[in-house]
Amino acid sequence: MAVKKNVVTIKGVKDGLVFLMNDQCAFEDLIAELKHKLEKTHHQFLAGPLVQVTIQFGERKLSEIQKNIIAEIIKNHGNLVIRSMETKEEKEKSRSNLKVIKGIVRSGQTVSHEGNMLFVGDVNPGGIITATGDIWIMGSLRGTAHAGAKGNMEATIAASYLRPTQLRIANVISRPPEEWGVQQSYMEFAYLNNGTMEIDKMVYLHKIRPQSMQFKEE
Amino acid sequence: MGEAIVITSGKGGVGKTTTTANIGTALALLGKKVCMVDTDIGLRNLDVVLGLENRIIYDLVDVAEGKCKLKQALIKDKRFDECYLLPAAQTKDKDAVLPEQVRKMVEELKEDFDYVIIDCPAGIEHGFRNAIAGAEEAIVVTTPENAAVRDADRIIGLLEAEHIKNPKLIVNRIRQNLVKKGEMLDIDEICAVLAIDLIGIVPDDELVIKAANEGEPTVMNPNSNAAIAYRNIARRMLGDTVPLMQLDTKPNFLQKIKKLFRIG
């Protein structure tokens with residue numbers, strides 16, 4: 001049985017075991033390796049006194065059914081007792097937390113949001129738009145936009161008309177357009193490539209940041 | 001019950017006071033009862049532009065402090081019977097009155113006048129708060145310069161955050177020859193950024209300076225381009241449909257000859 005390595009990591013702690021579940025692989029792989037480890041490689045745990053188990057799923061989003069499947073597998077192995085299941089939902093939440101805002105951000109005004117933001121309208125010079133995730137603007141960006149405000153280097157800024165005063169992604173600041181050498185301003189987006197701000201046509205957004213657009217569940 | 005309109009800009013020197021004086025006078029020319037209010041306490045100018053400086057006895061601060069009645073502080077214009085000025089104090093500071101006091105005065109004026117035109121000081125501080133307190137409408141004045149447009153944008157944001165919902169725009173001091181050369185922002189660009197209704201454009205006109213120094217609003221001089229522009233604005237305020245002024249200067253003799261022979 002060919003299973004990817006280290007999808008499930010089992011660690012011993014003072015008062016039991018911690019199961020670290022990889023949050024990038026397919027759920028089926030996780031189940032397969034969990035079964036494999038419990039039945040084949042780590043069966044030495046299964047004999048002996050009751051062991052408290054904490055399961056950490058990382059950023060994986062699980063349905064109740066999936067949680068039950070995992071719980072069943074672990075309970076079926078006699079002496080393991082599940083103490084808790086933990087998921088880091090914050091980042092996952094922010095990724096799907098899209099906010100749509102309509103209006104004009106005028107000079108001296110600030111709009112900010114935790115997560116992704118779709119702004120319908122113009123951002124004028126002197127106005128600031130900030131999000132911890134991506135920023136998409138249906139309108140003109142003439143002011144300042146700051147995506148990935150809490151340090152997400154993967155964040156992007158896209159606008160129908162991209163002529164900003166300043167762009168910021170995570171902690172990288174760029175003063176367009178003289179730094180870019182791009183003459184066109186319509187339907188473009190900004191992203192970080194090895195820590196440098198780059199601009200490209202909107203149609204390439206899905207190639208450069210495929211996770212921005214997901215048509216199917218992981 | 002009249003309308004109270006504040007003339008504001010954020011940036012100084014774009015022509016708020018000149019615009020107030022000319023729109024006020026133009027409305028009076030059209031037979032309306034007008035009262036202009038100067039809220040630029042400590043730096044009053046409106047009285048000078050209107051040529052009424054030497055008639056001031058009481059001012060806005062005196063009214064606020066209860067030293068006189070509102071009617072006593074009003075100065076009748078020398079040209080019209082139904083046009084008045086409520087002057088600002090020159091010796092005090094902006095915080096000599098409270099926005100609530102200005103609001104009460106404007107409410108009282110609206111009962112007697114068709115239009116109460118409020119001249120706002122530059123800036124966004126206490127003076128600005130005073131000026132907008134009584135107004136339900138606003139006219140934002142800008143010039144075709146980035147700095148002025150930036151400040152106008154800020155002001156529009158502040159007005160919208162207050163009770164004034166649909167401010168109108170005047171683009172002042174347009175120099176068509178510079179616009180043509182691309183050295184000055186053009187009107188479409190300004191309107192695209194500010195995204196509010198344009199109520200008029202005023203060409204740069206040397207006669208305005210002369211008129212202001214003489215204490216006679218430009219709008220009285222029918223030979224001035226700026227005067228026609230201000231009269232058009234006043235008519236639009238009354239609900240008339242007036243097309244925007246053509247700013248192209250008349251062709252000179254050589255251009256006429258060239259046109260005649262279809263060259264150039």
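Q: Which residue of E4(B) does B:Val34 stand opposite?

A: As a general idea, strands of a sheet pair through backbone hydrogen bonds, either parallel or antiparallel. In this predicted model, B:Val34 faces B:Cys83 of E4(B). Two strands count as paired if DSSP finds at least two bridges between them; strands (E, at least two residues) and helices (H or I, at least four) are DSSP runs, numbered from the N terminus. E2(B) and strand E4 (residues 83–86) of chain B are joined by four bridges and run parallel.

Q: How should I read the numbering and the confidence limits of the model?

A: Residues count from 1 along each chain as its sequence is written, while chains are lettered from A and ligands numbered from 1 in the order in which they are written. Because this is a prediction, local features need pLDDT of at least 70, side-chain atom pairs count only at pLDDT 80 or more, and totals for chains, interfaces and linings use all residues, with side-chain values based on heavy atoms and hydrogens and water left out.

Q: In what order do the eight strands of the open sheet in chain B lie?

A: The order is E3-E4-E2-E5-E1-E6-E7-E8, with mixed pairing. Strand E3 (75–76) and strand E8 (197–203) of chain B are the edges, each pairing on one side only. Within the sheet, strand E2 (residues 34–38) of chain B runs parallel to E5(B) over five bridges, and B:Val34 is opposite B:Tyr115 there. Strand E1 (residues 3–8) of chain B also pairs with E5(B) in the parallel sense, over five bridges; B:Ala4 has B:Val116 as its bridge partner.

Q: Why is strand E5 of chain B largely enclosed by the rest of the structure?

A: Look at burial (buried is under 20% relative accessible area, exposed over 50%, partly exposed in between, with a 1.4 Å probe and protein chains only). Five of the five residues of E5(B), 115–119, are buried, so the strand is largely enclosed.

Q: Which way do the residues of E5(B) point?

A: In a regular strand the side chains alternate between the two faces of the sheet. Here B:Tyr115, B:Ile117 and B:Asp119 point one way, B:Val116 and B:Ile118 the other.

Q: Which residues does B:Ile23 contact, leaving aside neighbours within four places in sequence?

A: Nonpolar side chains tend to be buried together in soluble globular proteins. With contact meaning heavy atoms within 4.5 Å, the partners of B:Ile23 include B:Ile7, B:Ile117, B:Ile139 and B:Tyr230.
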